[in-house]
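Please read the following report alongside the sequence and the model.

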Amino acid sequence: MAKTSKAFISGALLCASAMLVSGNLSISAQTVEEKNNYVPDEPLWEVRIGGTGLYGPDYPGASDNSGNGVVAPLVIYRGEKIRFGEYGVARAIAAENQRFELDLSLDAVYSANSTEGGVREGMPDLDYLLQIGPQLIVNFADTGWTVDGRKSLKLRTPIRAVAATDFTGIEHVGYIAEPQLVYQRKYGGDLRSGWSTTLFATFGDEGLNDYWYGVGPQFVTADRGYHEGKAGYVSTGFRASWTRELTDDFQIFLTYQGRSFSGAANEDSPLLQEDFTHAASVSFVWKAFKSKRAARNDDM
């Protein structure tokens, strides 16, 4: 396959620049009183309605692209010892200190049809992929909330089990590991905003990579040879996100993601067709209900 594209190199350099900017940060030494002056006033719990529209490859490295969307409710709770719904499924506060955190992470991947004329023509459709598993977070730097907002640099190391479902049944298909170096810049005020850059790598076990890239004997054609998925490296990627509160109860998010598949373990699969892919999404969150009681932590 071709070498990593210029777009990926530019993304990596931008992420590296964010790291350099954060090089002078350290774990916050502010006093509790100083922090409380700037920590956003968030409710103890919320019920949100969120929606996302995404345009991108049908699966990692696919040449076929499609648009997808979803609207769903989300419950958030910001307790002192139990937190869930915002940054991870559930935060294990008992295992948290200024440097390390442990939580349960969740992700999902849209389904994709094996369309006529596409590279997967005649093969089964790809179902929704639901992912869940533990995540260790290493806080390299965090200013805490200040008059200028908040800056942080974190390493997230999720390892998740992956299940495929068409909502009539569910089947375990493998495991995924996706270490991520994340730089975040948040701005306070009455209507908050922020942006982040993420450099990540993706690895799949034999089961997951065979789900994406395997071609069984019954699906071999003149243009699509047999391939058995191999465990290992899938891709390296760069993600940039921006968010803005338009009102106290309505927030939007814009995200771009680029991924390089150069050197992938399954680069010889006929289903892995692209050296570099792009994806973009726009999302919204409406805070439908929230408590009058405020949260008692600065994990916002």
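In which sense do strand S1 and strand S13 pair, and over how many bridges? Strand S1 (residues 45-57) and strand S13 (residues 276-290) are antiparallel partners joined over ten bridges, where two strands count as paired if DSSP finds at least two bridges between them. Helices (H or I, at least four residues) and strands (E, at least two) are DSSP runs, numbered from the N terminus.

The model is a predicted one, in which local features need pLDDT of at least 70 and side-chain atom pairs count only at pLDDT 80 or more, while totals for chains, interfaces and linings use all residues. Residues are numbered from 1 along each chain as its sequence is written, and side-chain values use heavy atoms, with hydrogens and water left out.

**The chain as a whole**

The protein chain has three helices and 13 strands. Of its 300 residues, 44% are buried, a term that stands for under 20% relative accessible area, with exposed meaning over 50% and partly exposed lying in between (1.4 Å probe, protein chains only). Its accessible surface comes to about 15,300 Å², and carbon and sulfur atoms account for 58% of that area; such areas come from the Shrake-Rupley method with a 1.4 Å probe, and for residues only the protein chains shown count as cover. Among contacts between residues at least 6 apart in sequence, 65% join residues at least 24 apart, a contact being heavy atoms within 4.5 Å.

**Around strand S13**

Ile49 stands opposite Trp286 of S13, and Tyr256 stands opposite Ala280 of S13. Pro57, which is found in strand S1, is partly exposed, with a relative accessible area of 24%. Although Pro57 and Thr277 are 220 residues apart in sequence, their C-alpha atoms are 7.1 Å apart in space. Leaving out residues up to four places away in sequence, Pro57 touches Ala62, Asp64, Asn65, Thr277, His278 and Ala279.

Strand S13 also holds Val282, which is partly exposed at a relative accessible area of 47%. Together with Tyr187, Trp195, Trp242 and Leu254, Val282 makes a nonpolar surface patch of about 450 Å². Patches are made of residues with over 30% relative accessible area and no salt bridge, with like charges joined within 9 Å and nonpolar side chains (Val, Leu, Ile, Met, Phe, Trp, Tyr) joined within 5 Å.

In soluble globular proteins, nonpolar side chains tend to be buried together. The largest nonpolar core here has 22 residues, of which Tyr59, Leu129, Val173, Leu208, Tyr211, Trp212 and Tyr213 touch the most other members. Two or more residues of this core come from each of strand S7 (150-165), strand S8 (170-177) and helix H3 (206-213), and H3 gives the most, with four residues. A nonpolar core is a set of buried Ala, Val, Leu, Ile, Met, Phe, Trp, Tyr and Cys residues joined through side-chain atoms within 4.5 Å. Apart from its neighbours within four places in sequence, Trp212 is in contact with Tyr59, Pro60, Arg120, Leu129, Ile176 and Leu271.

**Salt bridges**

The structure holds ten salt bridges, each a side-chain nitrogen of Lys or Arg within 4 Å of a carboxyl oxygen of Asp or Glu. Three of them are listed here.

| Salt bridge | N to O distance |
|---|---|
| Glu42 and Arg78 | 3.9 Å |
| Glu101 and Lys154 | 3.8 Å |
| Asp249 and Lys290 | 2.8 Å |

Glu42 and Arg78 meet in a salt bridge, and this pair links distant parts of the chain, with Glu42 in the loop between helix H2 (32-36) and S1, and Arg78 in strand S2 (residues 65-78), 36 residues apart. Glu42 is buried at 6% relative accessible area, and Arg78 is buried at 3%.

Glu101 and Lys154 form another salt bridge; Glu101 lies in strand S5 (residues 100-109) and Lys154 in strand S7, so the pair ties together parts that are 53 residues apart in sequence. Glu101 is buried, with a relative accessible area of 5%, and Lys154 counts as buried at 11%.

Asp249 and Lys290 are likewise joined by a salt bridge, with Asp249 in the loop between strand S11 (232-247) and S12, and Lys290 in strand S13, 41 residues apart. Asp249 is partly exposed at 27% relative accessible area, and Lys290 is partly exposed at 40%. Salt bridges that share partners also join Glu42, Glu46, Arg48, Arg78, Arg192, Glu245 and Lys287 into one network.
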